[in-house]
Amino acid sequence: MKETPAMRPTDHLKSLCHSDWNAATTHAFTNDLVAGTLSQDRMLAYLKQDYLFIEGFVRLLASAIAHAPSLADAIPAAQFLGLISGPENTYFLRAIPALGGQVDPAAPAHPLTREFQALMAQAAGSGRYEQMLAVLVVAEWSYLSWASPHADKAEALPFWFGEWITLHSGAGFEGVVAYLRDQLDKAWDGLDPEDRRAVEETFITATRLERAFFDAATTGFRTT
């Protein structure tokens with residue numbers, strides 16, 4: 001009899017938060033976005049909050065680069081950092097004003113935004129490569145999951161929808177997610193049970209926050 005292949009660690013982690021993962025990657029908010037039916041005020045509110053993650057995400061990714069086991073492990077993340085600080089940042093600088101808003105990296109953050117910022121900062125400051133990867137994998141893999149089935153719709157949409165889809169789909173971004181998953185899979189193999197449980201907790205929390213962020217975006221981030 002053939003042995004059943006062992007589940008990849010990242011697949012195991014995703015299985016622990018199946019409900020939140022599915023909700024985050026098939027959400028009504030992104031369904032409306034890819035259909036082009038999302039209202040501009042909802043997209044603007046979403047982008048203004050999402051832009052508040054840029055600084056923390058750059059610091060998290062830079063910390064992961066610094067803690068990568070080797071130069072070969074670090075280079076793909078360094079290349080991805082260029083994408084975040086280049087084309088993705090430029091997208092925000094174009095899309096937010098086009099939708100009638102002002103780019104303000106110090107704008108008031110919604111409570112969920114602050115919670116996600118705190119998770120990124122905690123992972124970045126942990127000194128633990130696997131903790132940094134757990135947050136990065138959720139952030140990028142979940143976005144690839146909702147965006148990639150709709151990559152062919154991007155060109156026909158207004159750029160504030162279409163380019164957001166393009167930034168999170170296609171061969172290049174698929175390669176980023178494959179790299180991040182591979183790094184976490186390899187790191188997992190060297191962890192003791194306690195450290196594995198810590199990664200599971202971080203992965204579950206990050207996925208819950210991804211779902212909750214889209215839930216809040218659907219209401220325009222109302223706090224009352």
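The model is a predicted one, so local features were taken only at pLDDT of at least 70 and side-chain atom pairs only at pLDDT 80 or more, while totals for chains, interfaces and linings use all residues. Residues are numbered from 1 along each chain as its sequence is written, and side-chain values rest on heavy atoms, with hydrogens and water left out.

The core comes first. A nonpolar core here is a set of buried Ala, Val, Leu, Ile, Met, Phe, Trp, Tyr and Cys residues joined through side-chain atoms within 4.5 Å; buried means under 20% relative accessible area, exposed over 50%, and partly exposed in between, with a 1.4 Å probe and protein chains only. The largest such core holds 76 residues, and Leu 33, Met 43, Tyr 46, Leu 47, Tyr 91, Trp 146 and Trp 164 have the most contacts inside it. Helix H8 (residues 129–147) supplies the largest share of this core, 14 residues. Helices (H or I, at least four residues) and strands (E, at least two) are DSSP runs numbered from the N terminus.

Tyr 46 is a handy way into the next region. Leaving aside residues up to four places away in sequence, Tyr 46 touches Phe 29, Tyr 143, Trp 164, Phe 213, Phe 214, Ala 217 and Phe 221, where contact means heavy atoms within 4.5 Å. Phe 221 counts as buried because its relative accessibility is 9%. The phi of Phe 221 is near 60 degrees, a positive value in a residue other than glycine.

The axes of H4 (residues 40–51) and H11 come within 9 Å and cross at roughly 140 degrees; axes are lines fitted to C-alpha atoms, for helices over the stretch in contact, and angles run from 0 to 180 degrees between N-to-C directions. H4 and H11 are therefore oblique to each other, given that angles under 35 degrees count as roughly parallel, over 145 as roughly antiparallel, 65 to 115 as roughly perpendicular and the rest as oblique. The crossing of H4 and H11 is right-handed; a crossing is right-handed if the near helix is turned clockwise from the far one by less than a right angle, and left-handed if anticlockwise. Arg 42, Tyr 46, Gln 49 and Asp 50 of H4 meet Phe 213, Phe 214, Ala 217 and Thr 218 of H11.

H5 (residues 54–67) packs on H8 at about 135 degrees, with the axes 9 Å apart, which makes H5 oblique to H8. This crossing is left-handed. The H5 side of the contact includes Phe 57, Leu 60 and Leu 61, and the H8 side includes Met 132, Val 135 and Leu 136.

H6 (71–98) and H10 (residues 170–189) have axes that come within 10 Å and cross at roughly 140 degrees. H6 and H10 are therefore oblique to each other, and their crossing is left-handed.

Finally, Pro 108 lies in the loop between H6 and H7 (111–125). Pro 108 is exposed, with a relative accessible area of 73%. Beyond residues up to four places away in sequence, Pro 108 touches Gln 49 and Leu 52.
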